[in-house]
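I opened this notebook to keep track of what I looked up, going strand by strand and then through the charged pairs.

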Amino acid sequence: MNIRKAAEADIDAVTEIYDHIHDEEESCSIGWQRGAYPVRATAETAVSLGELFVLESDGTVYAAGRINREQVPVYAEVPWAHDAAPEQVLVLHTLVVDPAAAGHGYGTQFVRFYEQYAREHGCPELRIDTNAKNANARRLYAYLGYREAGIAPCTFNGIAGVALVCLEKWLGSKP
């Protein structure tokens, strides 16, 4: 298993994961919409900015996520436990695991990578968001020690009526 920065050659594989998730969405809602988010352009933009990472094993991409310091505007409404400066905050966006590979721990491995990446880049405050409908993601993040800081109603990535669950984890020393 290897997690690395994605390249343009990975965009098809990541887009395929998005499609698999949209297929699953038809039977188990997580709050994403085919054609709205995530789409191929989501991966293309993240690759072009050097922010997309993929988890692969034996040449197959099973998971992907975008890591950067971009906090979406609705984050300003959330009562975060740590008033960290923007340069101390690292955000994980659009974490996806191919539903066909569920149960192999790829989501956990990716989040652990994100945490190590944050340490290496001097970011003690980690933030993630997910749709309130995404029970599996909320369970995973709670298991990994993330605290739900708040739920903000918004239009998110073109999807109206989203209840955005904002989570955080502090990696810094105790005050």
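I began with strand 4 (residues 89-97), which pairs with strand 5 in the parallel sense over four bridges; two strands pair if DSSP finds at least two bridges between them. I noted that helices (H or I, at least four residues) and strands (E, at least two) are DSSP runs, numbered from the N terminus. Looking up one of the contacts, I found that leucine 90 has leucine 126 of strand 5 as its bridge partner. I then followed the chain from strand 4 through helix 3 (residues 106-120) to strand 5, and this β-α-β crossover is right-handed, a term used if, with the strands pointing away from the viewer, the path from the first strand over the helix to the second runs clockwise.

Before going on, I wrote down that this is a predicted model, in which local features need pLDDT of at least 70 and side-chain atom pairs count only at pLDDT 80 or more, while totals for chains, interfaces and linings use all residues. Residues are numbered from 1 along each chain as its sequence is written, and side-chain values use heavy atoms, with hydrogens and water left out.

Next I looked at strand 7 (residues 159-170), which runs antiparallel to strand 5 and is joined to it by seven bridges; there, asparagine 131 has leucine 164 as its bridge partner. I checked how covered strand 5 (residues 125-131) is, and seven of its seven residues are buried (under 20% relative accessible area, with exposed over 50% and partly exposed in between, for a 1.4 Å probe and protein chains only). Glu125, Arg127, Asp129 and Asn131 point one way from the strand, whereas Leu126, Ile128 and Thr130 point the other way.

I turned to salt bridges (a side-chain nitrogen of Lys or Arg within 4 Å of a carboxyl oxygen of Asp or Glu), of which the whole structure holds eleven.

Glutamate 51 and arginine 66 form another, at 2.7 Å, N to O. Glutamate 51 lies in the loop between helix 2 and strand 2 (52-57) and arginine 66 in strand 3 (residues 60-68), so this pair ties together parts that are 15 residues apart in sequence. Both residues, glutamate 51 and arginine 66, are buried.

My last entry concerns Arg4, Asp10 and Glu56, which are linked in a network of salt bridges.
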